[in-house]
Structures are given as C-alpha cells and as structure tokens.
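User: Could you walk me through the packing in this one?

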Amino acid sequence: MARVLTPRAEDFPRWYQDLIAKAQLADNGPVRGTMVIRPAGYAIWERMQAEMDARIKLAGAENAYFPLFIPESYLRREAQHVEGFSPELAVVTHGGGKQLAEPVVVRPTSETVIGEFMAKWVDSYRDLPLLLNQWANVVRWELRPRIFLRTSEFLWQEGHTAHADETDARAYARKILHEVYEDFMVGVLGIPVLVGLKTARERFAGATRTYTLEGMMGDGKALQMGTSHELGQNFAKAFDITYTSAERSVEHAWTTSWGSSTRMLGGLIMCHGDDNGLRVPPKLAPVQAYVMVVKAGDGVAEAAAKLCDALRDAGVRVALDDRVDTPFGRRAVDAELKGYPVRVELGPRDLAAGNAVLVRRTTGAKTPVPVPDVVAGVLAALDADQKALYDEALARRESQTVSVDSLAEAIEAAGTGFARVPWSAVGAEGEATANAQGVTVRCLRRADGSVPDSEDEPELTAILARSY
C-alpha cells in the first residue's frame, strides 16, 4: 500500500490527525474547538450509543432530556462545582436582542439542573432510587482542542441518580463502572482498561469519590475513557433533594453521576489504529464485512449481491462496493483506512475458480475461500479478530507498564508508559511534584486490582502516566 498516513513511530499526533482526515471521520468546526463528525465517524458513535444505551437500561436507568441552558445561579449553589467548572464555562448574556436578567450557562454537565428537578420529583422513599440518563451535547471551553479528545463541544451520555442511602448510591455508581462501562470497553471496544479510584486532586468537582477507567494508547499515554462519581449529599443539600423515610423523618438523598463521551472515538483510534488506518473491533463496526466487486462481468455483481444477502441473513452488518468505475486499488486503500474488519473481494477470475478472497484488516491475511464457505469464514474471522485486537492492546499495556518503588522512578517510567508505584511513596505532595512534570496519578488500586473506597486505605498502588 502506498503511504497515505504519517507513520505512528515518526509522529504520533500527526498520524492521528491524518487518520481522522483520510478516513473521513471528522473535521474541524467553524468555531475554534468545535468539530463536525462526518457520517463514517458518526456511524461508529451510533454503534457506541446503541451498545451503551442497552447496558444503561439493563442497569435500570431511564432516558430523559434536560435543557441546554442552565441559570448561572444553579451552578453557584454548589461551591466546589462552580469553582471546578468556571474556567470552562460558556455564558450567554444576551438573547432576543436584549440583555438577560440573569446570565445562563451553556450546559457543561447537568448535575445542577437535574438536581433542581429531582427535588421536585422526589417526595417519598418510594420514589427512590431515581435513575436517569440523557444523551446530549455539552460545552466546555477548551484551550488546546484536539478532535474527539478535547473539543469545546462534544457528545456524551450523562447519568444522574438519587438514592435513599450512601450504600445504595455507592453500589450503583460501581454497577455503572463495571457492568456498563468496563463491560462495554473490554467486550466491545476491545480496550483493556485499568479501573480505579481518582485521588482527591483529580476528583470531579463536587464529588466525594470519582471512579475511572484508564486505557493505554498506542504511544503509551493514558486516556480517561469514562468516570462514575459518588456525589454524597452535596448536591442534595444544595438543591434540597429530600424524601420522607419509612419512619416519617425527612432525609437528604444521596446522588451519583457518571458519563462517557465521543472521547471514546479518540481512544478507539489511538488504541487500535495502525499505519494503514483505523481498525474497528468487529463487535463495534458499523460495517463488519465489506463485499467488493473487483471487476464487473461474468455474473460478479450478481454473485456479490447474493453474498451480501447471505451475510446479512447470518447477522453480519454488511455493505456492498460495486463502484467499478473507481480503481480497485483506491477503493481498497479507503477500506483499509476506514478499518472494515473483513473485506470479501470478488472478481471474474475468483468467481470462475468458485472462490472469493477474504481479507482480514487485523492481520492483513488474504485467503481464497470457496463461495459457499464465505459466510462461515467471515464469522470465524470476526470472532478471531475481536479477540486479537484486545490481546494486542493488552500485551502492549503489559509490556509498557513497570513496577517501581519511588516517585522519581515513576515519573521517569511515565515517559514511555504506565508506572505502578506504592501510593505511600507518592502522596498528595508527590502528586503535585509529578503534575509539575506533566505526569498524573491516573488511579489508585488495591493489590488485587479491585477498586478502593478511599485513598487512605493501606497498601494501595498508584498508576502514574502522561495523558491526553
């Protein structure tokens, strides 16, 4: 294949931008920091939405929608929250040609407006838990934008729940963490994630605990793939979310929030992409099998259409490329760039021999397969390559993660990957030292890999890395 992308080893950020442009995933918007998601990119986001939404609903949450504009006074009710978001806010002061009586904030996140309505809707313990989710856009004014990773406007889901007690709230925040986010990221995205607790320094503004899922990208840096937060009673007290208990006492609810965004698209690119373009895990791919007519004639188009029907009947998401007026080589390069897991190539000579050629995006292997065996061959390749992408990403993470004993060693190791170091060797003071050198504590984990309840637990391990 002719060189289309800057090699990753030569310039990883340039490769990332090249891939997004050449694979037609997205473009920069007209306002600095915004993006236009093109059909090829949006199709992947729709698959992410569908997979996530199904898991969110299995966890008991229901979808709703809340306003884009939030009164500025709402944010000021929770001091840590407004302080944390103030530098990123977009504020509207005029509307309809007049100055507004009160400025409104363009939604950076919805804890405040949803808290206002939770207070209205919750009356009794019988109304709890209240489990809500919304799919929406949010705005956080970004100083150093990068498509999918950090943009001033992005798409996401944000869940917000209210519970009768802290135990139930904590259990639900962790349910989302593991049964929705981790299950999706590992099982569908094929990205191994480290699940852990954020430090107080990295905690979401207004939360009592923040849980995170951290993935390693192809250049060894970390990407926060999603977060789930326990908010304690902070927002319940700020917005008077109270309920009458079974014992007739009036109590404040305990709330959670959790979110994942189009940043996962950036993670998909940087974790699985190679020098030929995107590689989309089969379970996620909008197009799993791409049937290509190499050259017209001798019944090839008809045979290709029948193969598409057979694949579709077998549950494969399939697309047909019969654009024989476009050179085949150009079409094949485009298919590589877009990361279709399997190509089925069919030309007159193939058909005369009773074969089609299966091309696997993950391995690059090209295999002649008898036409009657194509469906079975495609299904086997999809299963194998879903596993292969995860295994490759896991092997890279393990090879670029080192265990060290001191903060200095951890900071040095973070130049090429992840560092595991005793949290007791870092602490809040050491964390500030690392931050000054562009290294962050991505999460804290117990020795057995489980998620701690507090950073004060003994014998915790800290994961340090450079990050996006």
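Analyst: What follows covers a core, a helix pair and one glutamine.
This is a predicted model, in which local features need pLDDT of at least 70, side-chain atom pairs count only at pLDDT 80 or more, and totals for chains, interfaces and linings use all residues. Residues are numbered from 1 along each chain as its sequence is written, and side-chain values use heavy atoms, with hydrogens and water left out.

User: Which residues have the most contacts inside the largest nonpolar core?
Analyst: They are Met-48 and Phe-148, in a core of 60 residues (buried Ala, Val, Leu, Ile, Met, Phe, Trp, Tyr and Cys joined through side-chain atoms within 4.5 Å; buried means under 20% relative accessible area with a 1.4 Å probe, protein chains only). Helix α6, residues 166-187, gives this core its largest share, eight residues (helices are DSSP runs of H or I, at least four residues, numbered from the N terminus).

User: How do α2 and α6 cross?
Analyst: The axes of α2 (residues 39-58) and α6 come within 9 Å and cross at roughly 150°, taking axes as lines fitted to C-alpha atoms over the stretch in contact, with angles from 0 to 180 degrees between N-to-C directions. That makes α2 roughly antiparallel to α6, a word used for angles over 145 degrees. Met-48 is among the α2 residues making the contact, and Phe-184 among those of α6 (contact means heavy atoms within 4.5 Å).

User: Switching topic, is Gln-386 buried or exposed?
Analyst: Gln-386, found in helix α12 (residues 374-399), is buried, with a relative accessible area of 8%. Its side chain reaches the backbone oxygen of Val-188 at 3.1 Å.

Terms used. Buried means under 20% relative accessible area, exposed over 50%, partly exposed in between (1.4 Å probe, protein chains only). Helices (H or I, at least four residues) and strands (E, at least two) are DSSP runs, numbered from the N terminus. A polar contact is a pair of N or O atoms within 3.5 Å; within protein, one must be able to donate a hydrogen and the other to accept it, and residues adjacent in sequence count only if both atoms are side-chain atoms. Angles under 35 degrees count as roughly parallel, over 145 as roughly antiparallel, 65 to 115 as roughly perpendicular and the rest as oblique.
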